[in-house]
Amino acid sequence: MRYVLWSSLSPSQLIVMVTILGALLLPIGRGRLGRWLSMAGGAALLLLGVLPTAQYLLEPLQERFPQPNLPARLDGIVLMAGAEAPAKTERYGEPQLSRHGGRYTTALRLAQRYPQAKLVFVGGPFRDPDSGALAQAGVARELLVSLGVDPRRLVFETRSTDTCDSAENALRLLGPRPTEAWAVVTSAAHMPRTMACFRAAGWEPIPQPADYQADLGGLRTSVFRAAENLLSLDIALHEWIGLAYYRLSGRTLEFFPAPRPGSARPLPKPSNGVTPE
């Protein structure tokens, strides 16, 4: 239910609704209120839609955990749910992913590099318990097996309802030993909240970010696309609010966790003023 509410009342939706409401009020005698709402909505569209302000809110989230120094051996790879598109998968008969499908390409790359590692999907049932419709784990299983992952390597945690649930349930299900090395794969902007939850649960997997959404490497036409910026706004505020809520409710021990010393792979130094990709 909370995901439905967020989709309906997300920041981008509210901005559009306020702007439309203001325009509708103008011709029916509520000119003053209509003008205020229209001006507020228009200003928000300019500041958060046309200008790349939302990209700047998203960038510190996705850059908090750089690419890691991976060990010679991984015992397991935890793939966080959230990139699956169950309704489209069931309708068209072909596994479908959302814009966060980069989680899967990264997880599959690790699975190929570490053929002995378990691949663990965390965070959603195979079928919706109420409607019986295909759900997140169902899409994940269909996609991963069809791409050649040995089913004997796959483990599914299907009871979690949010990120901290996923961390706690994965720890109980897998029981990783202190000597084992595990990586967790999720969207780069989601990694701070993910690591806050795993640390609160008492587990320190290697953070492997994927699915980078913001790109402020230079001024390009794509930086000023309102639809992209409003979507970035929704993603960024969802993560910042989630970080604050988890910390204030006591579910995590850190508001904005940082990498452990030595865990991140250093970026190459730029030469001739060119920033490395």
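Two strands are treated as paired if DSSP finds at least two bridges between them, and strands (E, at least two residues) and helices (H or I, at least four) are DSSP runs numbered from the N terminus. The views below show a predicted model in which local features need pLDDT of at least 70 and side-chain atom pairs count only at pLDDT 80 or more, whereas totals for chains, interfaces and linings use all residues. Residues are numbered from 1 along each chain as its sequence is written, and side-chain values use heavy atoms, with hydrogens and water left out.

**Figure 1. Overview of the protein chain.** The protein chain contains 10 helices and 5 strands. Of its 277 residues, 43% count as buried; buried means under 20% relative accessible area, exposed means over 50%, and partly exposed lies in between (1.4 Å probe, protein chains only). Accessible areas come from the Shrake-Rupley method with a 1.4 Å probe, and for residues only the protein chains shown count as cover. Among contacts (heavy atoms within 4.5 Å) between residues at least 6 apart in sequence, 71% join residues at least 24 apart.

**Figure 2. Parallel pairing of strands β4 and β5, and of β4 with β1.** Strands β4 and β5 pair in the parallel sense over 5 bridges. Alanine 183 has isoleucine 206 of β5 as its bridge partner. Strand β4 is also joined to β1 by 4 bridges, and these two strands run parallel. Glycine 76 stands opposite tryptophan 182 in β4. Because 6 of the 6 residues of β4 are buried, this strand is largely enclosed by the rest of the structure.

**Figure 3. Strand β2 and its partners β1 and β3.** Strands β1 and β2 run parallel and are joined by 5 bridges. Here glycine 76 stands opposite lysine 118 in β2. A further 4 bridges join β2 to β3, again in parallel, and valine 122 stands opposite glutamate 157 in β3. Strand β2 has 4 of its 5 residues buried, so it is largely enclosed by the rest of the structure.

**Figure 4. The nonpolar cores.** A nonpolar core is a set of buried Ala, Val, Leu, Ile, Met, Phe, Trp, Tyr and Cys residues joined through side-chain atoms within 4.5 Å. The largest such core has 26 residues, and those with the most contacts inside it are Leu74, Ile77, Tyr104, Leu110, Leu119, Phe121 and Val185. At least two residues of this core come from each of β1 (76–80), α6 (102–113), β2 (118–122), α7 (136–146), β3 (154–157), β4 (182–187) and β5 (206–210). A second, separate core of 17 residues includes Val78, Val184, Met191 and Phe198. Leaving aside neighbours within four places in sequence, leucine 110 is in contact with Leu70, Ile77, Ala183, Val185 and Gln208.

**Figure 5. A nonpolar patch on the surface.** Leu46, Leu47, Val50, Leu51 and Phe224 form this patch, with about 410 Å² of accessible area together. Patches are made of residues with over 30% relative accessible area and no salt bridge; like charges are joined within 9 Å, and nonpolar side chains (Val, Leu, Ile, Met, Phe, Trp, Tyr) within 5 Å. A salt bridge is a side-chain nitrogen of Lys or Arg within 4 Å of a carboxyl oxygen of Asp or Glu. Valine 50 lies in helix α3 (residues 31–50) and is partly exposed, with a relative accessible area of 37%.

**Figure 6. Serine 12 in helix α2.** Serine 12 is found in helix α2 (residues 11–25) and is buried, with a relative accessible area of 11%. Beyond its neighbours within four places in sequence, serine 12 is in contact with Leu230, Leu233 and Asp234. The C-alpha atoms of serine 12 and alanine 44 are separated by 9.3 Å, the two residues being 32 apart along the chain.

**Figure 7. Two loop aspartates.** Aspartate 211 is found in the loop between β5 and α10 (226–248). Its phi is near 55 degrees, a positive value in a residue other than glycine, and aspartate 211 is buried, with a relative accessible area of 11%. Aspartate 150 is placed in the loop between α7 and β3 and is partly exposed, at 27% relative accessible area. The C-alpha atoms of aspartate 150 and lysine 118, 32 residues apart along the chain, are separated by 9.8 Å.
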